[in-house]
Amino acid sequence: MIKKITLIVILLVIYSISTAFTVDFRYRLELASRAIYADDSFNLTLRAKPTLSSRTRLFENTLSASFQPILSLNRDLEFDFEVYRLWLRYSTISFDYRIGKQHFNLGPAQLLRSLRWFDLVDPEDFFEDTPGVNALSVRHFTGNTSIWLWLILSEAKIKGLEFYPSEEDQVEFGGRVDFPFLNGYIGLNTHYRPEIRHDILDSPDEYRFGLDGRWDFEAGFWFEAVSSFIGNGGDEEYSFLTLGRDYSRFGITATAEHQIITPVTFIDRDFFSARINQTSALTASHSLGVLDKLTGSVYYEHKTDDIAVIVSWQRTYDHLILNLGVFSYPNNPGSLYS
């Protein structure tokens, strides 16, 4: 109910602004189709993603808004409509305020993201769609340092790398600070969930902390480290660690990442031995002329010896993108790629 009221208020504000000020409107339409054949079954999806955005000057600053729904149709002629993004933003030289359904992305990792707190982006998904969060966010920029604070209205479903979903309509909050460090940068992250749907404990809270950094020398290097603490009498703690680097030569760009998931924190001596799982990923891409790009990816899970392989070819025109891929995923529901 609260989310519906918020969306209605944003739409009313957008309409009021458009009638009171000189507004620059822009419209974009993305049409896409995806066909997948696997395990002797065929799946077809048709999708339309229109985007209506507006911008106007207000008190020497900028007021902007965006509305982006998704309309989809599958092979069984089942129609679906959802509000994908809907936000209102007020921007100054050093501040950015945004309210509505938006996308949060933290950290430098690309394939095995330990800081994937708020999205479900699959790096191998051509659409790259992910549910947004209903939030109020504030960013402050000073020099090369940025401060980011947010309030999120929770939903009773998993978002990102969470073992337990939040309780419905709770106010979660957190923030991020990143600043230059040794010719790169360091980011500090935190997030608090007041009530989660735990299997045993009665609606405990969760404290989450993250540290990330990136440096570029001859090759890029980055890391993401996350620890979570379950409160209200629980002793459950878990941590994620991602190490990654990339390198380009002879027209080939390769990215490698390794992730460790463990039920203990980084201060425990058995962090590397008590792991739940660890996964290695490697992806490489090569441009075949101006229009074509060939990409191959391999994911290996050490605990189960599961291997996922994806190879894709993409051709890009001015207003059209064609993507053809073949893949082999393990038939294991517990696998990262299955």
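Strand β1 (24-38) contributes the most to the lining of the largest pocket, with 10 residues. Strands here are DSSP runs of E, at least two residues long, numbered from the N terminus. The model is predicted, and local features need pLDDT of at least 70, side-chain atom pairs count only at pLDDT 80 or more, and totals for chains, interfaces and linings use all residues. Residues are numbered from 1 along each chain as its sequence is written, and side-chain values use heavy atoms, with hydrogens and water left out.

A pocket is defined on a 1 Å grid over the protein atoms alone, as an open set of points where a 1.4 Å probe fits, with protein on both sides within 12 Å along at least five of seven lines; lining residues have an atom within 4 Å of a point. The largest pocket holds about 1,800 Å³ of space, the volume being the space filled by probe spheres set on the points, which are joined across faces, edges and corners. Among the 50 residues that line the largest pocket, Glu124, Asp125, Phe126, Phe127 and Asn323 are the closest to its centre. At least two lining residues come from each of β1, β13 (252-262), β14, β15 (292-301), β16 (306-316) and β17 (321-328). The lining comprises 22 nonpolar, 17 polar and 11 charged residues, where Ala, Val, Leu, Ile, Met, Phe, Trp, Tyr, Cys and Pro count as nonpolar, Asp, Glu, Lys and Arg as charged, and the others, Gly among them, as polar.

Strand β14 (residues 277-288) includes Gln278. Gln278 is buried, at a relative accessible area of 13% (buried is under 20%, exposed over 50%, partly exposed in between, with a 1.4 Å probe and protein chains only). The side chains of Gln278 and His258 are joined by a polar contact of 2.9 Å (a pair of N or O atoms within 3.5 Å; within protein, one must be able to donate a hydrogen and the other to accept it, and residues adjacent in sequence count only if both atoms are side-chain atoms). Beyond four places in sequence, Gln278 is in contact (heavy atoms within 4.5 Å) with His258, Gln259, Ile260, Tyr300, Glu301 and His302.

Phe173 belongs to strand β8 (residues 171-181) and is partly exposed, at 42% relative accessibility. Phe173 and Ser154, 19 residues apart in sequence, lie 10.0 Å apart in space, C-alpha to C-alpha.

Notes:
Helix = DSSP H or I, 4+ residues; strand = E, 2+ residues; numbered from the N terminus.
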